[in-house]
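Trainee: Could we go through this structure together? I would like to begin with the overall arrangement and then turn to some local detail.

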2 protein chains.
Amino acid sequence: MTDALSPAPTLAFNELVELLQQIFVRHGVAASVARCLAENCATAEQDGAHSHGVFRIPGYLSTLASGWVDGQASPRVEDVAAGFVRVDAAGGFAQPALAAARELLVAKAREAGIAILAIRNSHHFAALWPDVEPFARQGLVALSVVNSMTCVVPHGARQPLFGTNPIAFAAPCAGGDPVVFDMATSAMAHGDVQIAAREGRPVPPGTGVDRHGEPTTDPKAILDGGALLPFGEHKGSALSMMVELLSAALTGGHFSFEFDWSQHPGARTPWTGQLLIVIDPDKGSGQSFAVRCRELVERMQGVGLTRLSGDRRYRNRAHAQVSGIAIASEELAQLRALALA
Amino acid sequence: MTDALSPAPTLAFNELVELLQQIFVRHGVAASVARCLAENCATAEQDGAHSHGVFRIPGYLSTLASGWVDGQASPRVEDVAAGFVRVDAAGGFAQPALAAARELLVAKAREAGIAILAIRNSHHFAALWPDVEPFARQGLVALSVVNSMTCVVPHGARQPLFGTNPIAFAAPCAGGDPVVFDMATSAMAHGDVQIAAREGRPVPPGTGVDRHGEPTTDPKAILDGGALLPFGEHKGSALSMMVELLSAALTGGHFSFEFDWSQHPGARTPWTGQLLIVIDPDKGSGQSFAVRCRELVERMQGVGLTRLSGDRRYRNRAHAQVSGIAIASEELAQLRALALA
């Protein structure tokens, strides 16, 4: 958030996209892929999700420099069945793989009523809601899961195995923005732990354990040989297991514990898989799903909910569209240097 | 659990099914529907889920006596699209609606790769895993959600709105039983709160609030004008909202807060909707999903997990298949009386 008195410079959304695209291209990424990643990253920054915004750029670049991910990869889309599309991301990022399959996926969802997209051999290093929200803006319901890298101790286990394994959901809502949530199945998203560590803030009890498996509220202890815990004990843990199965076993991707990036120093992006399910919600009955969604939202407000899933992002976005996206001067200077590097 | 020294009588699974079917038929349920409900209820009892076993029979019967549910309803199955089946349960139970659509749903999932079943105008008063586990035994992945009746306060709200809104998932696993979980998105299942109240046991902190909205560990205070809380704070709450949207808005069923059973004293079964998604997991890649699932399970055991989702149910089931299902003498006498009533 910024205002006229803030010392932070502001960029329009498109300016930030252009800058980030230049950075990616400058570091070996194909122009179309760079655009895709830049839009994704700028969306997160604009929506106020700093842990998935420009904060991620150094991680992207160190991964590209390591050779672990292929910034030039061309995803191969396969039309498998009336409701099934699969994509081999060819060792590249998941977002261009989704972009390549998107039109076919939507056409199948509208025709068959539901369709699934199974992306494998892919790297996902971003927020998940930008992957699902656009479907809801087309009147479709979308669900996505993606696994990551071993950093979460399954409930009842002694050592980490799962990734932070988020679940994102988007649904159209009449007369307003879609209802969207994006939740790590870990007690906290990995990026938020990194930001807490950077800022020297403790994390809430139940977030994670240190390298000895002991509970800690020190984010550095979690990151330095420790691990996260699932949210909601055995229930969050079961959901995390489901995410592993859907994102990896079903797509043909890797489980969070299966890849070895030790030969690629600097690599930070997990080499896994991603699943999307897209539904045409108006095939279910004679009624309008979006109108029914609005009825639910109004009742939720009626029982005292002042903030719904996604509301904060939409407020930040609206603010950014008027006032621009604030980036700290030092961070902006670093980004500009990277675009020329 | 029982053994040769136990005073509790035991019934074979089929004996219990026969007895329960007789009870349902005796109380106005069509024979095929009665069979369906009896098998469901006996499965829960056999699997050790007492809160969803014969414990539910009085609730079923008082609901039938109230006229709130139609035990004779014939579900109407509609083939909507290549991946979409919908069923109007016609005011009857959800389980016969699923049974009526099952074959078509499986055929579509195999052909299209994924298929959805939207059941509306239905009553679900049972555990959810018996609805999904059979798909996994056929090599398919299944996910189901069902909403119930207002008894859960959304995270951040002041009054209850959502139901206990469970999510169930089943996946085939090579060389063993399917991986199955069935979780209320409330901190505790409603039936378990009822059992705790009956047995005079407190429930864990965070389970619910009393009629004044104050946190309580007294199950009677939760049931008597109080309410449950979601599991996992805002994340469980978001999942519960998703269950409302998928089970009701998408199917054409009622939200948990939408029905008025005040004119039907004794009614206990929520009149809502249910959604199932069934996936052919081997269309995603060249690999066997079930083999990959086994690999994940073995790694979970390798990091110290001694009990996976569903394990306790499978152990209880195996025991019951050898030693029979133990029912307390008094409860069995009541059941036998109901079969003749």
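Mentor: What follows concerns a predicted model, taken from the chain pair down to a single helix.

Trainee: How many residues of chain A are in contact with chain B?

Mentor: There are 58 residues of chain A in contact with 58 residues of chain B.

Trainee: Which helix of chain A supplies the largest share of that side?

Mentor: Helix 8 of chain A, residues 233-249, supplies the largest share, with seven residues. By class, the side of chain A that touches chain B consists of 34 nonpolar, 14 polar and ten charged residues.

Trainee: Changing topic, what does the domain assignment give for chain A?

Mentor: It gives domain 1 (1-66 + 310-341), domain 2 (72-186 + 232-309) and domain 3 (187-229). The C-alpha centres of domain 1 and domain 2 of chain A are 23 Å apart. Their contact takes 22 residues from domain 1 of chain A and 23 residues from domain 2 of chain A.

Trainee: Which helices supply at least two residues each on the domain 1 side?

Mentor: On the side of domain 1 of chain A that touches domain 2 of chain A, these are helix 2 (31-46), helix 3 and helix 10 (311-323) of chain A. Helix 2 of chain A gives the most to that side, with eight residues. The side as a whole has ten nonpolar, nine polar and three charged residues.

Trainee: Let us look at helix 3 of chain A. Which of its residues are buried?

Mentor: In helix 3 of chain A, residues 57-66, the buried ones are I57(A), Y60(A), L61(A) and T63(A). They cover an arc of only 160° around the axis, which puts them on the same side of helix 3 of chain A.

Trainee: What do the buried residues of helix 3 of chain A pack against?

Mentor: They pack against helix 1 (13-26) and helix 11 (329-340) of chain A.

Trainee: And what comes just after helix 3 of chain A?

Mentor: There, G67(A) takes a positive phi of about 85°.

Terms used:
Residues numbered from 1 in each chain as written. Chains lettered and ligands numbered in written order. Predicted model: local features only at pLDDT ≥ 70, side-chain atom pairs only at ≥ 80, totals over all residues. Buried ≥ 20, exposed ≤ 12 C-beta atoms within 10 Å, placed from the backbone. Helix = DSSP H or I, 4+ residues; strand = E, 2+ residues; numbered from the N terminus. Arc of directions from axis to C-beta. Contact = placed C-beta atoms within 7 Å. Nonpolar A, V, L, I, M, F, W, Y, C, P; charged D, E, K, R; others polar. Domains from an automatic or database assignment.
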